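The report that follows takes up strand pairing, a helix contact, a pocket and a few individual residues in turn. Please keep the sequence and the structure in view while reading.

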Amino acid sequence: MTGIFAAGQRRLAAVAAAVTVAMMAAACGSAGPGETASAGLTMWALTDQSTLKESVDAYNTDHPDKKITLQLFTNEDYKQKLRVAIGAGQGPDIVFSWGGGALGDYVKSGKIAEISATELDTGRFTPSVLETATFDGKVYGIPANGLAPVVLYYNKKVLADAGLQPPKTYDDLKAAVTTLKGKGVTPISLAANSKWPTLMWHEYLLDRTGGAKVFEQIAGGDKAGWTDPSVTKANQLLQELVDMGAFGDNASSLSYDQGAATALLYTGKAGFELMGTWEYANIAKAAPDFLSKGDLGYMAFPSIPGGAGDPQAIVGNPSNYLSINAATKDKAAALTYLKDYVLNDKQVDAFLAAGSVPPVNGLESKLAAVTTPEKPWLQFVYGLVQKSPTFQLSWDQALPSEQADPLLTNVDESFLKKITPEQFGQNMSKAS
């Protein structure tokens, strides 16, 4: 399991309710790899999916003769367990995944069942999110939790004290970097030691310079996409920020798990941080006064003038997905659960109450009715996704799993300037 895969559990923190892991584990069934429940269906997911667990409990109450036995795993071993179990024909009836390349591998090997429009109304889900579980025009999974695009956070007070406005373009961002550095503030907080936060910069810089089509080519299996000029340009821009001192002197010693990179933003020691929407919940927990004072700002990643990318395009984790094992003996029961209990009105309300926006259409009235301080944040995230022409899945999830280690290595080496911008694409092309 790679470090970036291990980040999956952290990335979903914003959608987890306040039920402890120990409580959830105690409430779960005992079916595990190679085992089957005594009756009904089996389902696997991660330990932080408490809202998902509540949907299983509701289904089981209504269907005592066809209960779902839910097994929760830590992120560290889940993907490997799932891969081994499905390969051996012992996977769960309902499969929790990140979509993208790993799910696509299961689909290609005939392990996952198609979910047709006649079986379930897939039209209620945000199209750009559903696309991550769609292969050759057919749907193989439905969204199961909140949206997690990557956004640019900023400290309003730090920017105001420096006489700065939120940057609209990449040039504006560079100008802000110069100004903040001159005032002794780390311009951009980055936990580069964890590597996957650095990947977010690669993803947006490529999307803004080359457009979504470049990575779509790569994710489609065409390794020639890695040598596209826009891949080199994206690495040049990243290394330009490094040369400017944008990330301070200690980025490579900061691990995201430690929370130090996040703290730089809310303590006023950094101006910006590029991170997923789960960071909002982390900040709310660690520094509630920072939020209550209105000092946290957030925005879409700046545009790059002359770039081929749409400035409204986003990257990140569209959602997690629930799929049906092609070998299940009761697809009808699995469909009933997915149709009636996943992202239904009750679940949508639960996610909104937890500060997370579920990937379903037509939430305007529900968002308008929100009375908590999170209302502007929820409306921002919903609008960001609704307006986006594409929602690019994080590269570590979109690409086949065997490319994850080379990806992380080259992301880090590009950041450290151990390789040239051209070498990044060349190395990844060979790894593909």
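## A contact between two helices

For the crossing described here, axes are lines fitted to C-alpha atoms, for helices over the stretch in contact, and angles run from 0 to 180 degrees between N-to-C directions. In this predicted model, the axes of helix 9 (residues 196-210) and helix 10 (residues 212-219) come within 6 Å of each other and cross at roughly 115°.

On the side of helix 9, the residues in contact are Leu206, Asp207 and Gly210, and these meet Ala212, Lys213, Val214 and Phe215 of helix 10. Sorted by class, the contact of helix 9 with helix 10 comprises 4 nonpolar, 1 polar and 2 charged residues.

## Strand pairing

Strand 10 (residues 270-276) is largely enclosed by the rest of the structure, because 7 of its 7 residues are buried. Strand 8 pairs with strand 10 in the antiparallel sense over 5 bridges, and within this pairing valine 151 has methionine 275 of strand 10 as its bridge partner. Strand 9 (residues 186-189) is joined to strand 10 by 3 bridges, with the two strands running parallel; here serine 189 has glutamate 273 of strand 10 as its bridge partner.

Strand 8 (residues 148-155) is also joined by 2 bridges to strand 12 (residues 314-317), the two running antiparallel, and proline 149 stands opposite glycine 316 of strand 12. Strand 12 in turn runs parallel to strand 14 (residues 391-393), to which it is joined by 3 bridges, and glycine 316 stands opposite leucine 393 of strand 14.

## The largest pocket

The largest pocket has a volume of about 890 Å³. Its lining is formed by 31 residues, of which Phe135, Glu216, Ala219, Gly220 and Ala398 are the closest to the centre of the pocket. Helix 5 (100-108), strand 5, helix 10 and strand 14 are the elements that give two or more residues to this lining.

Among the contributors to the lining of the largest pocket, helix 5 gives the most, with 6 residues. By class, the lining residues divide into 13 nonpolar, 12 polar and 6 charged.

Threonine 132 is found in the loop between helix 6 (127-130) and strand 5 (134-135), and it counts as buried because its relative accessibility is 11%, where buried means under 20%. Leaving aside residues up to four places away in sequence, threonine 132 touches Trp98, Gly99, Gly100, Pro318, Tyr321 and Leu393. Proline 143, which lies in strand 7 (residues 142-143), has a relative accessibility of 0% and therefore counts as buried. With residues up to four places away in sequence again not counted, the residues that proline 143 touches are Phe125, Val129, Leu130, Ser319, Asn320, Tyr321, Val342, Leu343 and Pro359. Proline 143 and alanine 133 are 10 residues apart in sequence, and their C-alpha atoms are 8.4 Å apart in space.

Glutamine 347 has its place in helix 16 (residues 345-353) and, at 5% relative accessibility, counts as buried. Its contacts, not counting residues up to four places away in sequence, are with Thr51, Leu52, Ser55, Tyr341 and Val342. The C-alpha atoms of glutamine 347 and glycine 163, which are 184 residues apart along the chain, are separated by 43 Å.

Note on methods
Residues numbered from 1 in each chain as written. Predicted model: local features only at pLDDT ≥ 70, side-chain atom pairs only at ≥ 80, totals over all residues. Heavy atoms only, no water. Helix = DSSP H or I, 4+ residues; strand = E, 2+ residues; numbered from the N terminus. Contact = heavy atoms within 4.5 Å. Nonpolar A, V, L, I, M, F, W, Y, C, P; charged D, E, K, R; others polar. Pairing = 2+ DSSP bridges. Buried < 20%, exposed > 50% of the residue type's maximum accessible area, 1.4 Å probe, protein only. 1 Å grid on protein atoms, 1.4 Å probe; cavity = no way out; pocket = protein on both sides within 12 Å on 5 of 7 lines; lining within 4 Å. Points joined across faces, edges and corners; volume = space filled by probe spheres on them.
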